[in-house]
Amino acid sequence: MALVSPIKLSDEEKLDILQRLDRFRQWHFLDEKRYCLVCGKIITGREIQVIGGTRGNGPLRIICPTEHCNAMPMEWVRPTDEVLIKIAMVEAERHRLGLINRAGRAMRSLPKVNTIGSTRPKPPLW
């Protein structure tokens, strides 16, 4: 559960807050996308959380909606073709490493084979 609950806003209010609080990139509508450099997720203005305010914890702030990610506007970039290609490359590498890890675990779980080709006999229990 979050320490500070997001503020419920109308679409117009949320877009106004995004336009005022994101000093790094312009927002024209809530369905615009940004890539969060912290958590690696693509988020929309509609998903971004507005927290704080007079009844919350200090001034209004906008943060990434991803669980356990409190990234702010300076850590969001437009998902250009270059950014999307880098995301795809990182995901492909992560997938490749996952396959290598699974293959390694599978190899370790196979029975050991001696030089004749049969499994090693178990040592006697004394």
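Phe24 is partly exposed, with a relative accessible area of 45%. The model described here is predicted. Phe24 belongs to the loop that runs between helix 1 (11-21) and strand 1.

**Surface patch**
- Together, Phe24, Met72 and Met74 make a nonpolar surface patch of about 300 Å².

- Three strands form an open sheet in the order 2-1-5, and their pairing is antiparallel.
- The edges are held by strand 2 (42-44) and strand 5 (76-77); each has a single partner strand, so one side of each lacks a neighbour in the sheet.
- Strand 1 (residues 33-36) is joined to strand 5 in the antiparallel sense over 2 bridges.
- Within this part of the sheet, Tyr35 stands opposite Val77 in strand 5.
- In general, the strands of a sheet pair through backbone hydrogen bonds, in either a parallel or an antiparallel manner.

**Aromatic rings**
- The number of aromatic pairs in the structure is 0.
- The ring of Trp27 has the charged end of Arg34 over it, at 3.9 Å from the ring centre.

**Helix 2**
- Val90 is located in helix 2 (residues 81-109).
- Val90 is partly exposed, and its relative accessible area is 45%.
- Between Val90 and Gly40 there are 9.8 Å in space, C-alpha to C-alpha, although the two are 50 residues apart in sequence.

How values were computed
Residues numbered from 1 in each chain as written. Predicted model: local features only at pLDDT ≥ 70, side-chain atom pairs only at ≥ 80, totals over all residues. Heavy atoms only, no water. Pairing = 2+ DSSP bridges. Helix = DSSP H or I, 4+ residues; strand = E, 2+ residues; numbered from the N terminus. Phe/Tyr/Trp six-rings, centres within 6.5 Å; stacked < 30°, edge-to-face > 60°. Lys NZ or Arg CZ within 6 Å of the ring centre and 35° of its normal. Patch = residues over 30% accessible without salt bridge, like charges linked within 9 Å, V, L, I, M, F, W, Y side chains within 5 Å. Areas by Shrake-Rupley, 256 points an atom, 1.4 Å probe, with all protein chains shown as cover. Salt bridge = Lys/Arg side-chain N within 4 Å of Asp/Glu carboxyl O. Buried < 20%, exposed > 50% of the residue type's maximum accessible area, 1.4 Å probe, protein only.
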